[in-house]
Amino acid sequence: MSSVFQFSKLAGRMLPSPIRELFQMIRQPGMISFAGGLPDPTAFPVGPFADCADVLSRDGREVLQYGASEGYPPLREILLAMMAERLEFAVRPNELLVTSGSQQGLNLAARVLLDPGDVVIVEAPTYPGTIHSLRNAGARFATVPCDADGMQVELLPEIVARTVAETGRRPKLIYTVPDFSNPSGACMSLERRHRLVALAAELEVPVFEDDPYGKLRYSGDVLPNLKRLAAGDPHVIYASSFSKVLAPGVRVAWTVADPELTRAMVLMRQGEDLCTSTVTQALVAEYCRRGHLENHMSRILEVYSGKCRAMQLALLTHLAPGSASWTEPQGGFFFWLELARGSSRELFDRAVSEKVAFVPGSAFYPGDDEQIGEVHTGDRFARLCFTFADEPAIDEGCRRLGAALG
Ligand SMILES: Cc1ncc(COP(=O)(O)O)c(C=O)c1O
């Protein structure tokens with residue numbers, strides 16, 4: 001029977017999120033999951049956060065009202081101070097936008113910058129939520145390979161020139177997660193950060209710096225954000241989020257971008273969700289105002305660095321030498337394994353029968369037919385999230401993975 005609805009062309013192009021689909025297959029008793037990129041729920045600051053709910057008794061009449069599209073003023077003050085520290089220069093109020101998750105920040109930037117058929121340069125591999133959002137905006141993808149030092153930025157001039165030659169269009173955006181990439185865990189080297197900021201201005205292609213993991217560093221030296229290196233140059237759009245450092249359920253994040261772009265994003269969101277929930281913004285603001293975030297950060301840094309070391313040790317112990325290779329991440333949520341042989345999709349099926357789950361690498365690459373230029377695929381790779389499972393489960397899960405790998 002034909003549908004009663006006349007779906008849009010966009011709806012016809014949509015694809016399911018590969019990771020959310022996997023969740024159906026791995027919901028089984030006894031399964032150890034390294035699949036979802038989830039924070040440890042036992043580390044959520046439930047008590048102190050619940051205490052902050054008394055902000056409703058104090059400011060309920062304001063907090064339960066519609067809020068400004070730009071964000072709840074007390075939270076904006078906190079974010080301006082936080083960003084001044086992070087970037088070492090003052091961010092102007094008209095450069096800051098509070099968003100409902102950094103997913104929305106990217107969505108809004110994509111919607112105001114892209115026309116269908118435009119090309120975005122993404123890292124290969126990259127975060128699937130970004131592929132999804134950009135695909136919804138009609139983007140095609142040019143992919144830049146990554147190594148342990150992040151995106152191989154030295155290839156950008158050639159990729160931009162090839163994109164122009166093949167499509168007649170200059171790429172609209174370069175998307176990167178310089179600190180502890182999802183999925184590769186890689187941290188972009190300082191030299192490449194400088195080079196990328198210079199190239200963005202030279203090639204006239206803005207960079208979207210997605211930074212949900214930057215504060216979750218367990219070893220090595222802190223490196224400056226691209227936005228900081230770019231100083232006053234408007235070519236870097238910065239996004240960060242409370243999802244990984246506090247709780248994803250709050251759906252509170254923010255962008256820092258040129259005022260003209262920020263204004264366009266504000267107008268776009270006025271046709272979407274009007275504003276981020278004022279209630280959760282007020283809770284997050286109160287939580288930060290009471291000084292809880294600093295304490296919580298020290299706690300999760302301790303918990304997550306322990307889990308990261310536990311996974312490194314468990315992989316070394318349980319995987320047969322030469323069966324896979326990886327670089328121990330210095331921060332973030334993920335290990336990225338390169339298999340010596342076979343496909344990670346096939347390994348996934350064997351792993352699920354051993355009751356351990358991960359995400360096969362292909363989820364982190366645009367489809368072959370969406371890529372222009374050199375096509376990259378992730379069939380030999382596997383992403384393992386180490387933050388969700390507890391340390392005994394990390395050890396047992398890696399033992400099962402070793403058994404599945406053979
Ligand atoms: C790189 C990256 N960007 C954005 C997001 C989405 O974050 P949020 O919860 O703030 O929308 C994630 C979540 O996993 C992520 O890994």
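Let's start with two words: on a 1 Å grid over the protein atoms alone, a cavity is a set of points where a 1.4 Å probe fits but cannot get out, while a pocket is an open set with protein on both sides within 12 Å along at least five of seven lines, and lining residues have an atom within 4 Å of a point. Grid points are joined across faces, edges and corners, and a volume is the space filled by probe spheres set on those points. The model you're looking at is predicted, with local features needing pLDDT of at least 70 and side-chain atom pairs counting only at pLDDT 80 or more, while totals for chains, interfaces and linings use all residues. Residues are numbered from 1 along each chain as its sequence is written, and side-chain values use heavy atoms, leaving out hydrogens and water.

Now for the open spaces. The largest pocket has a volume of about 810 Å³. Some 32 residues line this pocket, with Arg20, Gln103, Tyr127, Gly129 and Lys244 nearest its centre. Both domain 1 and domain 2 give residues to its lining, so the largest pocket lies between them.

The second largest pocket comes in at about 570 Å³. Of the 29 residues lining it, Asp147, Ala148, Ser184, Ala186 and Thr327 are the closest to its centre. Here too, domain 1 and domain 2 both contribute to the lining, so the second largest pocket lies between them.

Finally, find the ligand. It has 14 residues around it, and Asp210, Tyr213, Ser241, Ser243 and Arg251 come nearest; a residue counts as near if one of its heavy atoms lies within 4 Å.

Methods. Domain bounds come from an automatic or database domain assignment.
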